[in-house]
Amino acid sequence: MDFLILVDNTFQNSYKDTFLDIINNKIKVLSDKLELKVIVIDSEDYTDAHSYLNYLYTVSEGFDNILYITTDSPMLDVRETVKLVNLHKNNMAYYTYGENYPKGIVPVAIRVASFERLIPLAKDKKDISFNRDIIHNLIFVDPNFFEIEILISEYDMRYFRLEFISNSKRNNILINNFIELKNYESVVKSIKENPTLRRTLPSYIEIDITNIQNALYKVRAVENATTLEFMDLSTFKKIYKNIIDFSDDFHLSIGGFYEPLLNENIFEILEFALEYKKSNIYLETNGLCLNEDTAKKLLDIQKRFSNFFVLIHLDAVDSVSYNNIYQDDNLSVILSNIDYYLLRGTKNTYMQIVKQKYNFDTLKDYYAYFDKYKVPIIMQKYSSFRDTIENNKVGDMKPLVSVGCHHLARDLYIDMFGVVPICKYDNKKEIILGNILENELSSIWDKGSDYYKDNTFSKLEFCKKCDDWYLYNF
């Protein structure tokens, strides 16, 4: 079985050149160890999966199998890769990949004959994104057709959700924290023993731009202000620039505890934020202000920006459940607003419901109600905010394995005045990391590292009553 090492430099980004010498040295070690030929490709001319796979098939002519390595994987482990090659050979597989590894530790092996199926599949499945994972994604469109083998990591690293792919500022920091380690075992040891090494940059940020919630919960984590105030555009721009400079790419949710559509600057804020293409912007609204005029403006923005998403929070569609959950009877207005909005060709729009004891018996009706709109539904768990409010939770989905709080590792919450508490679940603002209008975001973020470390080793008293640590956004 003739094997070729196919090194792909196709999927360019501005980050991977940092570690290019390291991955090239590892490829040379692999080539010498396995006595395999290396071909480097750089097919920037190909922008769709079908023509790209045709190209790979042509390049691989004369070989039975390829070890497919992308040059954005500097943490590739030679020893684990040799295991993968041997597994592929011994089982005469069509496709072999690694499972339970952090992404970037092992490449994939492909029988060249697989392209005879993959090429027409790529032509049919035009909805699959053309990216570095295109081969893997196409294989699993029709996995029964291929003889697949899996190299399973000795250590189950799925819980840590780490990607050693040099394609972002965040991942480059992560790689830099581990790149000097000599092998995969050392990486695993450091991941477990030094949690601050895997805390890089915030990827999910929530910001409130008002101080009023107009669809009040009977049980609520924060209180309303007596007078409506809202963030002005210049303040938002200042905060947003700080986030861009620090995080580079990120997901930003506008509307944490309070209703963002009450802010008279909301459309200017959205237009400004969406111009930055490395961000995804999520408007989170209860729908009460989603009148005809507002809906038309949001629909126009959705048509123009693919990085804009709308999440409509509604926890019941029947009046009994609604009135058990909410203080005021606004259901008919909200449903009317939602109906107008969803019937006008919305995209990237989701309904969001918090599962709790007051709506648990009517969840089926909720899903049936929104089925006519064909709108995706996000179901969230109920939070008691560290037992600071009544616990109306239904069931317990908490994992058996804890690797530290994902919120402390990846999230930031910013209130209307720029205050950054330790996390969103610090609804009483007991631990303040800083104020983004007064402090550098880097210093605010760094201040959270020791809290994350203590949390990971169950030493942070503040987190002892929290069961939201395992929730994961981005």
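1. The second largest pocket has 39 lining residues, and those nearest its centre are Glu 163, Ser 168, Arg 170, Asn 171 and Asp 249. A pocket here is an open set of points on a 1 Å grid where a 1.4 Å probe fits, with protein on both sides within 12 Å along at least five of seven lines, and lining residues have an atom within 4 Å of a point. Two or more lining residues come from each of α6 (169-178), β8 (250-254) and α14 (406-410), with α6 giving the largest share, 4 residues.

2. The model is predicted; local features need pLDDT of at least 70, side-chain atom pairs pLDDT 80 or more, while totals for chains, interfaces and linings use all residues. Numbering runs from 1 along each chain as its sequence is written, and side-chain values use heavy atoms, without hydrogens and water.

3. Helices α9 (residues 266-274) and α10 (residues 292-304) have axes that come within 11 Å and cross at roughly 5°. The two helices are therefore roughly parallel (angles under 35 degrees). Phe 267, Leu 270, Glu 271 and Leu 274 of α9 meet Thr 294, Lys 297, Leu 298, Ile 301 and Arg 304 of α10, where contact means heavy atoms within 4.5 Å.

4. Glu 35 sits in the loop between α1 (20-34) and β2 (37-41) and is exposed, with a relative accessible area of 71%. Arg 386 sits in the loop between β12 (377-380) and α14 and is buried, at 10%. Buried means under 20% relative accessible area and exposed over 50%, with a 1.4 Å probe and protein chains only.

Definitions and conventions:
Axes are lines fitted to C-alpha atoms, for helices over the stretch in contact, and angles run from 0 to 180 degrees between N-to-C directions. Angles under 35 degrees count as roughly parallel, over 145 as roughly antiparallel, 65 to 115 as roughly perpendicular and the rest as oblique.
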